[in-house]
Amino acid sequence: MQEKKFPKRYLIVLLTFICTSVCYIERVGFSIAYTIAADAAGVNQSSKGTILSTFYYGYASSQVPGGWAAQKIGGRRVLLFSFILWSLTCALVPLDPNRVFMLVIARLLVGVAQGFIFPSIHTVLAQWVPPHERSRSVSLTTSGMYLGAAAGMLLLPSLVNFKGPQSVFVAEAALGAMWSVLWFKYASDPPRSEHPKAAAAGFGENLLPVKGSHKLKVENGGSSAKTSNIPWKKILVSLPVWAIVVNNFTFHYALYVLMNWLPTYFEQGLQLSLQEMGSSKMMPYLNMFLFSNIGGVVADYLVTRKLMSITWTRKLLNTIGFVVASLALMALPLFRTPGGAIFCSSVALGFLALGRAGFAVNHMDIAPRYAGIVMGVSNTAGTLAGIVGVELTGQLLEAAKAANYDISSPESWRPVFVIPGLLCILSSVVFMLFSTGERIFD
């Protein structure tokens with residue numbers, strides 16, 4: 001009776017939501033703790049940038065291997081291994097800014113470990129969640145990132161003030177360990193479906209890892225051989241896959257540029273103090289949390305009520321999200337007040353998150369068996385976009401300075417925000433032309 005009130009798949013989705021929240025608390029926490037420790041130790045900006053960016057190189061390198069591992073041995077097991085690895089790294093590595101080599105190795109390890117997480121989550125959700133619940137399930141899970149980032153920015157500076165930078169590592173390791181215990185205790189592979197149509201719908205035990213030519217019973221009582229060969233070529237030349245990749249690239253380009261450069265824009269572009277802004281600087285991330293879940297609920301409503309096909313639901317929400325975000329991004333340097341800048345950045349990030357109900361769920365529509373692998377491919381592009389976008393922004397601002405523009409002038413910042421704005425329009429067109437909600441990989 002209890003199972004009917006709270007199905008196991010809901011518990012799985014809740015645990016993956018907590019998972020992404022904890023991961024982003026870790027990322028934000030390291031940036032806060034390391035920056036404070038490095039400033040106290042007199043570390044120069046170039047060295048700080050090296051340490052802060054090391055995570056993303058490890059993260060990018062393990063996306064596709066993470067999808068492959070989740071496909072071969074199961075997302076549930078890979079997710080647990082990932083959490084244990086990065087939690088142990090946080091617990092065992094002292095935060096000493098002068099021990100650069102050790103910190104580089106530690107951040108690479110954490111990046112590699114966390115790179116397994118999202119491909120594994122998509123593999124698990126593809127197994128557990130039926131198609132009509134996928135939008136809100138993926139949206140809730142990914143919204144944990146934004147809630148974690150907001151919570152980290154709000155709470156962890158106080159922890160550093162009271163207990164020192166190392167305490168952040170200890171707190172993060174403890175959170176990781178607690179989640180690992182919960183996952184080990186409550187997570188499981190989906191049971192053999194009692195519904196014959198589950199396989200055709202693309203979820204359930206038929207998506208579990210298959211070894212060799214393990215045979216599965218089919219509806220007519222016969223058997224069919226399922227091999228574990230991954231159709232790499234078909235995935236890499238598929239236009240619907242590339243539609244997802246392009247949109248993932250753009251989403252993360254805009255997200256990482258805003259995450260890394262908004263504080264500089266507020267302090268130097270608008271001459272504002274972040275401390276004086278208080279909790280208002282968290283609004284963009286809270287807006288992402290809110291709009292991510294709105295997008296998921298709306299998408300599932302349209303699909304469940306048969307108001308739209310899955311294909312057009314994905315196209316609609318992706319287009320609305322990216323086009324509105326584009327307008328907000330390009331308008332951002334025109335607003336010269338704290339309220340205007342917060343409003344524009346909140347609209348931009350909020351509608352980008354809404355767009356995730358389009359491209360980010362689409363992995364499981366087109367390739368439920370290989371959702372982790374497709375996610376790994378597209379998330380590699382997303383991570384590289386972050387690295388490129390953050391570095392290019394610095395070069396754009398240096399170029400503006402060389403052209404005798406003051407960093408507080410709108411002209412210095414216009415290309416910074418116009419580039420992701422234009423990318424949003426391009427990506428929405430690509431997704432509208434080439435995406436599909438139909439299953440194209442068996």
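The lining of the second largest cavity draws its largest share, four residues, from helix α6. Helices here are DSSP runs of H or I with at least four residues, numbered from the N terminus. The structure is a predicted model, in which local features need pLDDT of at least 70, side-chain atom pairs count only at pLDDT 80 or more, and totals for chains, interfaces and linings use all residues. Residues are numbered from 1 along each chain as its sequence is written, and side-chain values use heavy atoms, with hydrogens and water left out.

A cavity is a set of points on a 1 Å grid over the protein atoms alone where a 1.4 Å probe fits but cannot get out; lining residues have an atom within 4 Å of a point. Volume is the space filled by probe spheres set on the points, which are joined across faces, edges and corners. Two cavities of 30 Å³ or more were found. Helices α5 (75-92) and α6 (100-115) each supply at least two residues of its lining. Among the lining residues are Phe30, Cys90, Arg107 and Phe169. By class, this lining has seven nonpolar, one polar and one charged residues. In this scheme Ala, Val, Leu, Ile, Met, Phe, Trp, Tyr, Cys and Pro are nonpolar, Asp, Glu, Lys and Arg are charged, and the others, Gly among them, are polar.

The largest cavity has a volume of about 70 Å³. Its lining includes Tyr24, His252, Arg356 and Asn379. Helix α18 gives the most to this lining, with four residues. The lining of the largest cavity has six nonpolar, four polar and one charged residues. Ile373 is also found in helix α18. Ile373 counts as buried because its relative accessibility is 0%; buried means under 20% relative accessible area, exposed over 50%, and partly exposed in between (1.4 Å probe, protein chains only).

Five salt bridges were found in the whole structure. A salt bridge is a side-chain nitrogen of Lys or Arg within 4 Å of a carboxyl oxygen of Asp or Glu. Glu26 and Arg107 form one of them, at 2.8 Å from N to O. Glu26 lies in helix α2 and Arg107 in helix α6, so the pair ties together parts that are 81 residues apart in sequence. Both residues, Glu26 and Arg107, are buried. Arg107 also lines the second largest cavity.

Arg9 and Glu133 form another salt bridge, with the closest N and O atoms 2.7 Å apart. This pair links distant parts of the chain, 124 residues apart. Arg9 is partly exposed at 23% relative accessibility, whereas Glu133 is buried at 6%.

A nonpolar patch on the surface is formed by Tyr301, Leu307, Met308, Trp312, Leu316, Ile320 and Met432, with about 630 Å² of accessible area together. Patch residues have over 30% relative accessible area and no salt bridge; like charges are joined within 9 Å, and nonpolar side chains (Val, Leu, Ile, Met, Phe, Trp, Tyr) within 5 Å. Accessible areas come from the Shrake-Rupley method with a 1.4 Å probe, and for residues only the protein chains shown count as cover. Helix α15 (residues 310-331) gives the largest share of the patch, three residues. Met432 sits in helix α19 (residues 410-434).

Lys306 lies in the loop between α14 (283-304) and α15. Its phi is positive, near 60°. Lys306 is exposed, with a relative accessible area of 74%.

How values were computed:
1 Å grid on protein atoms, 1.4 Å probe; cavity = no way out; pocket = protein on both sides within 12 Å on 5 of 7 lines; lining within 4 Å.
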